Amino acid sequence: MKKFLSLMLTVLLILSALPMAAFAETTGTTLVNAETKTYYVHDDTFQTFSANEYGKKTNQTPANVLTDGKTDKSIGGGNGFNAVWIDLGGLCHIDKVTSVANLGAKGGQGMTWYLTKEDPTIAMKAGSVNSSWKKLGSIDSEATYSPNILETLNFDVDDTELYRYVVCLDPDHYNKGLTGATSFKMRGAVAEIDVYGEPCTNVALNRPGFASGYNVNSWPDLATDGSTATGFQSDGTTLWYYVDLGAAYTIDEIQLTLGNTDAHKKGYSVYLSNERQDVDTDVANKVLVYTADDSGDREVSINVAGLTTLTDNQKAAKYQFVYIEKNAAATDGLTVHELEVYTRDEDQGNYLVEIAAHKPSFAAVQWDKDNQHWKANDRDSSSRYVTAASRLGTGQIQRFVIDLEKAYPIRAISYTVWVNPSHHKGYTIYGTNDPTFYFENNKTQLCTASDTAVSGNKIYEVPESVTGEFRYILIEGHGDIEDIMVYTDSKHAEPNYSSDKGSETHVITHGAKVKSSTGATLSESYFNDYRTTNVAWQVSTNQVNEANFLIDLGSPQAIDYITVNNLSGGTVFLFEMKLVATNDPNFAAANDTVIFFAGEDTNMVGSKSWELAAPKSFSLYEAPDSMDGQKYRYVGMRLTKPTAFTQTIRGDLAEFAVYTKAENLNEVHNAITFSQDATAKTDFTVSTDKYLSVTGRPVTLIAAGYDEQGNLVEVKTSALSLTRGTQATLSGTVSFAESTKLDKIKTVKTMLWDNAGAPRPIVASETFAPYVSLVDSTTKSYFAHRNASAVGGFKTDVYKDPDILTDKDTTKGFGRGDGYSAVWIDLGAEQPVDKVTSTVNGGTNGTCTGLTWYLTKEDPIEAIRAQNLDAWKQLGSIASGTVGTTYDVSFLVDDDETYRYVVCLNPDFYNKGYAEHTGSGYHMTGGVHEIDALTRGLSVD
């Protein structure tokens with residue numbers, strides 16, 4: 001018998017070095033790969049985890065000890081571990097789990113395996129396993145074994161739920177680390193875990209969302225952006241929200257993260273369907289999968305594949321839309337922070353992408369200066385475009401245009417109306433590539449509104465019969481627009497399909513001087529006043545063979561677009577027309593640059609004539625490519641009567657507007673003071689004693705930031721204190737301090753903007769070198785401890801929290817009260833450092849006196865052990881502090897060196913722990929809560 005036992009032990013020892021496949025019967029596809037992470041929690045006294053402090057040793061080397069296919073290494077009780085687990089990286093359908101346990105001296109008693117969706121660290125903090133965890137099985141033996149006795153366990157999974165983590169722990173002991181005791185740990189060790197099944201994909205991620213209404217800037221697509229920090233919020237009366245997956249899938253599971261308000265978590269149902277819904281219709285063919293009536297949870301998991309309320313055919317069917325609908329027209333609305341839809345089907349990856357946000361837009365007429373056309377697609381639902389039917393001439397059609405800046409196949413349009421729903425019926429939406437919109441055969445109908453008034457959000461799918469790609473979206477006969485979104489599919493959308501520049505175009509003619517030729521009537525008070533019922537310029541005699549006007553922009557400007565509104569009514573505008581730009585103050589036609597010419601095209605009405613009669617009175621003209629890079633001071637129109645015409649002719653011009661893009665804002669100096677914050681380099685201020693006396697328009701300060709190549713990165717605006725029409729002092733500040741793009745900005749141009757559209761440029765380019773933090777989520781915090789019992793007199797290569805000095809939380813820190821001798825952060829690599837900031841506190845026992853900050857290239861541990869700081873760069877100190885006082889310190893770095901570590905210590909005390917001094921006086925004299933290292937300009941990779 002002894003020989004037999006010896007032989008069996010030898011066999012087991014040999015087998016322990018073999019891959020896991022030698023122990024388990026495996027079927028299907030393993031979900032474990034090189035990316036699978038191993039995690040564990042430790043219970044030793046220095047590392048004891050508590051309710052807000054867990055995972056002291058997690059994901060450490062070897063990272064794949066449980067998934068490397070070998071059983072020669074294990075994690076378990078002998079090493080003081082409380083729990084181990086692997087992360088599959090996402091939800092999966094699991095058929096089988098196999099594991100190899102090293103039973104050790106305690107026989108592995110109580111070791112239990114679980115499946116869960118929940119991050120196991122949450123259970124570690126709570127001290128209890130959530131009831132949602134699925135128990136697979138346990139080792140119940142109470143026998144005592146020698147080390148390296150391996151046992152293979154196979155668990156078949158018999159449900160349709162999805163899981164992400166496989167966990168092994170002893171449920172009677174894993175959470176006892178909360179008591180600080182050292183004897184509560186796993187009774188054995190885990191050498192391997194393998195998982196078989198199929199991975200699932202969240203096919204709702206970045207898919208478009210739609211709703212019958214939504215709150216200010218709580219866009220429907222924020223519920224599918226992968227972050228629970230953002231989300232969709234209804235407008236209080238929303239009856240439905242849905243996500244378009246882009247294709248039909250077999251749905252395994254739906255996960256919802258709702259708002260915290262109780263009213264927003266109840267009274268709704270979840271459906272699956274293959275029909276798109278809009279404000280006018282309810283979906284008839286939809287499948288109910290979940291209802292929350294009287295109460296609801298914030299986190300909801302719907303296992304569609306396991307529902308007993310569905311037939312097998314319904315479960316196997318494929319669905320494109322997931323709906324959430326309120327069960328009644330209640331005022332409590334709905335908040336969805338994230339909607340996730342999981343499937344085992346292959347992701348077809350072709351879904352709707354919004355392409356109209358912040359693109360240039362234009363309108364035939366708008367209500368006033370505060371309801372401009374660009375507010376219809378500015379991705380801000382607190383602003384809107386309001387039309388003005390009363391300001392249109394007889395028989396004229398309202399027109400609204402968006403320039404997508406390149407041609408796309410258009411798949412759908414979402415249109416949210418505002419004010420009177422009766423304004424929103426009978427309109428037509430076209431796609432075209434002709435910016436003049438002059439010829440009827442140059443536009444393609446995409447969708448038409450019915451005669452029923454629209455209220456809320458209307459969603460149009462473009463018929464499959466519509467082919468081709470379109471640059472311009474044209475709406476004729478529309479009403480007021482709260483928001484409009486235009487969608488193409490992801491196969492055609494460019495990576496940067498949506499601009500972040502704010503309003504892309506600016507009117508630069510409002511308030512500008514106009515010069516007109518003889519024989520024409522000019523009414524400057526009506527010129528470019530937003531009113532298309534007033535005649536601003538008129539030619540009405542047969543005796544004039546040529547007439548013109550030119551607008552003085554005040555300085556050369558880049559010209560991108562021109563819009564023309566004509567009020568000729570039923571009278572034909574019988575002139576050849578040229579839109580021109582020039583820098584010649586004498587306006588000689590020979591020096592013109594022609595933007596557009598009409599009159600010789602045989603498709604025009606009449607011989608050599610250009611008809612601007614209704615309903616074609618609004619036209620948009622784009623400057624030709626030949627004008628790129630050029631700037632012009634004067635822009636206008638020249639009309640020439642064809643010699644063949646002898647009858648009386650007439651043309652009435654109501655409005656003529658010239659646009660430039662944000663990146664074309666010029667650099668003219670006005671008598672306005674400009675200043676920049678000398679320290680932060682993020683704030684820009686303008687001030688003046690006097691300003692133009694023009695009635696009733698607020699003023700905005702604009703700052704445009706550009707990268708090193710001159711490309712526009714970001715535009716920031718700030719409303720100023722002056723209202724136009726006064727002679728009061730003007731002052732205002734615009735700040736980039738909260739920008740997420742500071743690392744790219746090298747130059748800023750600033751200007752004033754009166755909200756009627758006239759720019760008042762302020763200054764030329766200013767060098768902009770913002771401070772950019774070198775600290776990120778990977779930056780580690782370290783400390784040295786004076787504890788005499790520690791090896792060498794202080795503890796190293798451990799840290800209390802990995803980001804405690806870099807988490808922007810000044811309520812936590814390292815310091816005197818805990819006996820620390822030195823603290824530092826590791827930037828991960830040598831970097832140029834231009835500035836260091838830190839927050840410290842004297843606490844109840846310390847004064848911070850003598851605390852000193854340093855930069856160094858070398859590992860601080862080596863210098864601390866050697867008691868030699870000679871190679872370090874000293875930044876500065878707190879010479880005399882006060883108990884309990886918090887200090888924010890800042891040091892500018894005056895060299896071109898690179899550094900890796902920022903260290904804070906008291907040079908009189910930090911090294912005394914090394915001498916194993918047992919007294920209490922040798923440690924830092926204050927606590928350090930935050931350290932930040934910053935550089936200037938572009939971030940360092």
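Me: How many contacts beyond four places in sequence does the model have for residues 44-61, where pLDDT stays under 50?
Reply: This is a predicted model, in which local features need pLDDT of at least 70 and side-chain atom pairs count only at pLDDT 80 or more, while totals for chains, interfaces and linings use all residues. Residues are numbered from 1 along each chain as its sequence is written, and side-chain values use heavy atoms, with hydrogens and water left out. Since pLDDT is the predictor's confidence in each residue, from 0 to 100, and a contact means heavy atoms within 4.5 Å, the value for residues 44-61 is 41 contacts.

Me: What is the mean pLDDT of the chain?
Reply: In this chain, 70% of the residues reach a pLDDT of 70 or more. Over residues 1-26, however, the pLDDT is below 50. The mean for the chain is 76.

Me: Is C168 buried or exposed?
Reply: Buried means under 20% relative accessible area, exposed over 50%, and partly exposed in between, with a 1.4 Å probe and protein chains only. C447 counts as buried at 7%. Because the relative accessible area of C168 is 0%, C168 is buried.

Me: How many disulfides does the count come to?
Reply: A disulfide is a pair of cysteine sulfur atoms within 2.5 Å. By this rule, the count comes to zero.
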